[in-house]
Amino acid sequence: MPDVARLVREYRRSAIRVLFDEASRTEGTLRLEVGEPSFVTPQHIIEQAFQAARQGHTGYGPNGGLLSLRALLSEKLSQVNGLTAGVDEIVVCPGGMNALYNSFAVLIEPGDEVLLPTPGFPNMDEMVRLLGGVPRFFRLRPDNGFLPDFDELGSLISGKTKVMFSNSPSNPTGRVFPEAVVRAIVEFADRHDLWLISDEVYDQLVLDPSAVHVPAARFDTAGRVISIFSFSKVYAMTGWRVGYAVARGDIPQLMRSTQEPQVSCPSTISQKAAEAALTGPRQPIEAMREAYVERATLAVKTAEAAGLRAYEPQGTIYMLLDVSDYGSDGGLDFALELLRAQQVSIAPGSVFGPGGAGTVRVSLAASEATIENGIKRIAVHLQQGRR
Ligand SMILES: Cc1ncc(COP(=O)(O)O)c(C=O)c1O
């Protein structure tokens with residue numbers, strides 16, 4: 001039998017999934033590893049999906065998404081993000097993940113280098129490798145407020161660097177990049193003639209009232225920014241699989257074309273549900289954001305009281321804990337040992353690239369009781385000298 005594709009053979013499964021599977025086997029485990037909102041999709045969105053199905057919205061749609069949804073997204077981008085985007089500049093995809101894959105697929109050729117943040121969203125390096133690209137990590141250091149260091153970024157540029165990936169509000173650090181940093185990232189991409197994929201799937205999950213999410217595309221004069229958004233976390237719609245990319249020039253058309261052999265089109269029923277998310281009441285959406293704010297406050301307070309160093313998130317639904325004070329690397333072995341000893345499941349820092357060492361990520365998507373007890377148990381585990 002011939003071998004399967006080399007790049008697929010070499011693909012490494014996310015350690016978060018390993019934890020997920022292990023944790024699912026033990027009843028009563030405190031689940032802090034995944035970014036699955038603890039909320040069900042708001043009822044008015046579910047209702048519209050039922051109605052849409054009954055009305056016959058059950059067939060294929062256009063590759064890049066329903067025109068009716070893209071018209072509403074154009075309004076949302078203007079009102080929420082301050083971006084001007086016509087309906088042809090918006091490509092709806094089955095989730096932000098597919099919008100990211102589709103963007104990379106359009107941009108990179110084998111051997112092209114991609115600048116990726118670490119600690120950063122773990123799926124990106126494997127996605128880049130799967131497409132034959134080469135990840136080059138830049139650090140987001142806690143002593144630099146988890147912001148990029150432009151000297152380091154400059155030192156990573158080679159003749160093969162083609163794309164930079166940026167993510168704010170950032171998973172897993174919770175940092176929301178200030179306007180000056182977002183502007184500097186776009187200028188850096190300009191200076192080195194790079195594409196910039198700006199992952200903004202947490203655009204409406206800013207938790208810190210003093211932080212403001214600033215979209216990179218606001219500073220894009222050359223049409224080099226592809227912005228990625230999603231309905232998953234903001235509207236508690238992870239399972240509906242609706243995300244979208246916003247881009248200029250011929251990129252949206254190329255993304256629409258490459259969607260055909262990948263997925264044909266996003267789910268029509270899910271897109272009608274997404275329309276309800278955009279047109280329906282804001283109150284249930286805002287209530288979820290407020291719950292994350294409360295959980296973040298509780299998580300920080302619990303960690304500090306238990307003697308753990310926590311990085312207070314400004315946005316997203318995650319919080320990083322520093323476990324290096326206890327001599328732990330926060331790696332997969334530590335996470336599995338913690339799970340066995342304390343029945344708490346966390347995302348090991350090692351999944352966030354080399355910059356994740358010495359940290360673990362807890363999800364604020366769990367209930368308050370789970371967050372509080374889970375963090376206390378992590379502290380007990382570390383204080384027992386288990387690393
Ligand atoms: C930074 C970031 N980008 C993209 C995604 C993909 O989300 P989805 O495919 O559900 O839209 C996630 C999910 O956790 C994420 O954290």
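I checked strand 9 (residues 243-246) and found both of its faces covered. Gly-243 and Ala-245 on one side and Tyr-244 and Val-246 on the other are all buried (20 or more other C-beta atoms within 10 Å of the residue's own, with C-beta atoms placed from the backbone; 12 or fewer is exposed, in between partly exposed). Strands (E, at least two residues) and helices (H or I, at least four) are DSSP runs numbered from the N terminus.

I noted that this is a predicted model, in which local features need pLDDT of at least 70 and side-chain atom pairs 80 or more, while totals for chains, interfaces and linings use all residues. Residues are numbered from 1 along each chain as its sequence is written.

I then looked up the neighbours of strand 9. Strand 8 (residues 225-230) runs antiparallel to strand 9, joined by four bridges, and Ile-228 stands opposite Ala-245. Strand 2 also pairs with strand 9 in the antiparallel sense over four bridges; Tyr-244 is the bridge partner of Val-92. Pairing requires at least two bridges found by DSSP.

Eight strands form an open, mixed sheet in the order 2-9-8-7-6-3-4-5. Strand 2 (90-93) and strand 5 (147-148) stand at the edges with a single partner strand each, so one side of each lacks a neighbour in the sheet.

The bridge partner of Arg-141 in strand 5 is Leu-147.
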